[in-house]
Amino acid sequence: MAQSLKSKYLLLALAMGAGLALLLGGFAYYEHRIDASDIARLTSSAVAQKLEGDLEARGNSVAKVTGALLASALAAHNGAAIASIAGRLLEEHDIERVEVTDARGVVLFSAANPRDDDAHGAAAAESSEAGQTLLRPLVVVESIPPGVAPPAQRGGTLEIWVSRAKMQQTLASLRAQLDHQRGSQVKRMGSMLARVTLPVIALVLLGAWFIARQLSRPISALIVSADRIGEGDYTRPLHVARRDELGELQLALERMRQKLSETTITKNYLDTVLNSLSDAVIVTAPDGTIKSCNEATQRLLGYGDAELVGKPLASFIDEAHRGGFDLAAAAPEARETVLRTAAGQTIPVSMACSAITSADPQFQGNIFVARNITDRKRAERRIRYLARYDALTKLPNRMQFYHVLQQTIARALRSGQIVAVLYLDMDRFKEVNDTFGHGAGDRVLEVLSERLVRAVPKETVVGRLAGDEFALTVDGLPADADNRGPLAQLSRAILTEVSRPFQLNQQEVFLTASLGIAFCPRDAENVIDLIRNADAAMYYSKQNGGNTFAFYSPEMNAAAVERLMLKSKLRRALERDELEIRYQPKVDLRNGRIIGAEALLRWRLPGHGDIPPSQFIPLAEETNLILDIGEWVLNRVCMDYRQMQSEGGDPGRISLNLSLKQLRQASFILRCRSVFRRHGVSPTAFELEITETTLMADAQRTVRLLDELFAMGLHLSIDDFGTGYSSLSALQQFPIGTLKIDQSFVRDASEDAGDATIVRTIIEMGRSLGMEVIAEGVESRAQLEFLRSNACLYAQGRLFGEPCTAAELLTLLTRQAAGNIAFAHLLRRSEDAAAPRSA
């Protein structure tokens, strides 16, 4: 409608513009024609008069001159002279005829110009073709004056016919020029008229388009709103912007919409509500025939509305579940069934039914609401699977393995057979996660589970209990035979398969495992005890170096119980203030002065006495408590150092042991700085002792961290030097300032030549590298004498007393500051004992 209205206005404007242009053009052309005709007529008339006058003047002039010449010839009656004079006139191009008569009227000479006859005929013909009046020749009559002849012979008449052809040509050329000029003027006038009328027409068309657009937009909006209201959609208001009759019409339509929206609920509104539901809604007749459905039903089943309406609802239920669908027993409670789609796919749904109560039979029936529960069913299956199987390795998890083991034990007890449980744990598996990341650790577990399944018989059940802990069940073993041999063979095969290299980040990594084996009913008759005993045997294998297996014995269980108890009590040790610091002095063997001390951690467990570090430090590293314990030790040592300084003692340099886990902690350096800053002590007063194993575990990363610690001012030393596998070239790249000779070499250095050679070599190497060398574990004067004789400058050990508290160390330092050197007497005795031998 809007486009048609615009077209009408545009065509009307175009017609009006074209008519106006034609009218103006016709009127201007008519006026031009009249003006041009008047101008041409006046111009031709003026020019013709002028040419006529010129022609007559010339004829008169020629006649007078010739008449004067003919006067004497007439007087002499000289015909030849008359003919000669008159004939010369015919040589003129525009003189057509000459005639001379005497006074009596006798023609003395009469002749015509033949060229003039032809030209006159052509001009006459041209004038006739042009529809113009023929211009006759001009006749000039000249009276010849009398001469000397007798009176009767005096005078005569000369008549000259002058041609008007040349004048006619001139007038024709003038008319042609006027016509050409008039045509040019017509063209210029047409161009000017076009330049004027075309913009006018364009403006008229633009105005018509604008007016039509202003009218068509509200009309189109009115039509759309009317159609929408006719369809029952009253939600969108009509925008009213005009203040004329169309605006009043819009207001009237808007008022009608508002009243209808307040008083009417239409079928379209109901369809909108139903189609907005994500659940399928199906309305059926009392006999189960579908009367209507929403769009969710069509999407669920894959049928169009026409394919669903009129069909029994039961025909869309899968045949296997159709028997359980009873329309008469339909209830509001949701029940599960299965629908079959147009593509033949089955979809589980939860369906609820409500009856439509109405007195009108045409409205009676049922409303079914069906919800797709495919995702819920899939989730339930996934949950059931995850409740029994490990998501990473796809092996039975702890709960499922215990369930299978319980059934296996019950069958074995009934049949009198033996069941064996193999408990497997990876050795140092945490190093894989710490070095390569947990993603690599997960990949190792996946490969490990595949290897375990391949290494055991098909009927063997393999399960993942937790982390890197796996368990296997072997049933059907005879009760009257020793089953340790076959199980030992199976264990070796498993350990061999596990020890094959793993590919991690394009690197080969070799890992081992520890195995523990327990039998039912010999070792236990229930799942819990059998697993615990196999775990105890596995831990026994791990304590013996790993990569081996062990059969359970009751003694293992007692050790495992004690280990578990210690692990749980260690968690409370920090809270209960059960940890203590003891200081073992470092002595200068040249003068007996205390130059520092090593901080040693002790755990005093109430009811158990002192727990040696060799027993609880590995437990702390397993549980990551070593990080909290290490920070506690650093804080405690800084507090003791500050107190000893404030009370006049000079502690020298205090050494602390650093574990691999502490060094790998991302925030270790920041925590060290924070502790030193908090207690106001300088890092140069402390020394971190690192074992060779820790030093070489990840050399590139370790050297970077040690450089940062050294830059803080901390001294660094290698503890237990000689027991690791560091080379001299590797040693030079670390910022190490001190070597500590391991006590295992010092113990027998005075008696064993091999150990003596090792100690001398370490002392010489340290001196050549510019490092301090300290011998630890010095317990006898013989050891002291050996070290002094080989230029070892520093030592520590029980010879100088048991590790003491901070207060006891402060007492020694205070006496030393007063001039009483703590261990000078040991050096004097050593010198005295060596003097006789020297003598």
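Colleague: What's the relative accessible area of Arg-671?
Modeller: It's 32%, so Arg-671 is partly exposed (buried is under 20% relative accessible area, exposed over 50%, partly exposed in between, with a 1.4 Å probe and protein chains only). This is a predicted model, where local features need pLDDT of at least 70 and side-chain atom pairs count only at pLDDT 80 or more, while totals for chains, interfaces and linings use all residues. Residues are numbered from 1 along each chain as its sequence is written, and side-chain values use heavy atoms, leaving out hydrogens and water.

Colleague: Which side chain does Arg-671 meet in a salt bridge?
Modeller: Glu-631, at 2.9 Å from N to O (a salt bridge is a side-chain nitrogen of Lys or Arg within 4 Å of a carboxyl oxygen of Asp or Glu). Arg-671 sits in helix α20 and Glu-631 in helix α18, so the pair ties together parts 40 residues apart in sequence (helices are DSSP runs of H or I, at least four residues, and strands are runs of E, at least two, numbered from the N terminus).

Colleague: How many salt bridges does the structure hold?
Modeller: 35. Another one joins Arg-464 and Asp-390, with the closest N and O atoms 3.0 Å apart.

Colleague: Is Arg-464 buried or exposed?
Modeller: Arg-464 counts as buried at 13% relative accessibility, and Asp-390 is buried too, at 14%.

Colleague: New topic: what's the strand order in the open sheet of four strands?
Modeller: β2-β1-β4-β3, with antiparallel pairing (strands pair if DSSP finds at least two bridges between them). β2 and β3 stand at the edges with a single partner strand each, so one side of each lacks a neighbour in the sheet.

Colleague: And how many bridges pair β1 and β4?
Modeller: Seven. Among the residues involved, Thr-101 has Thr-157 in β4 as its bridge partner.
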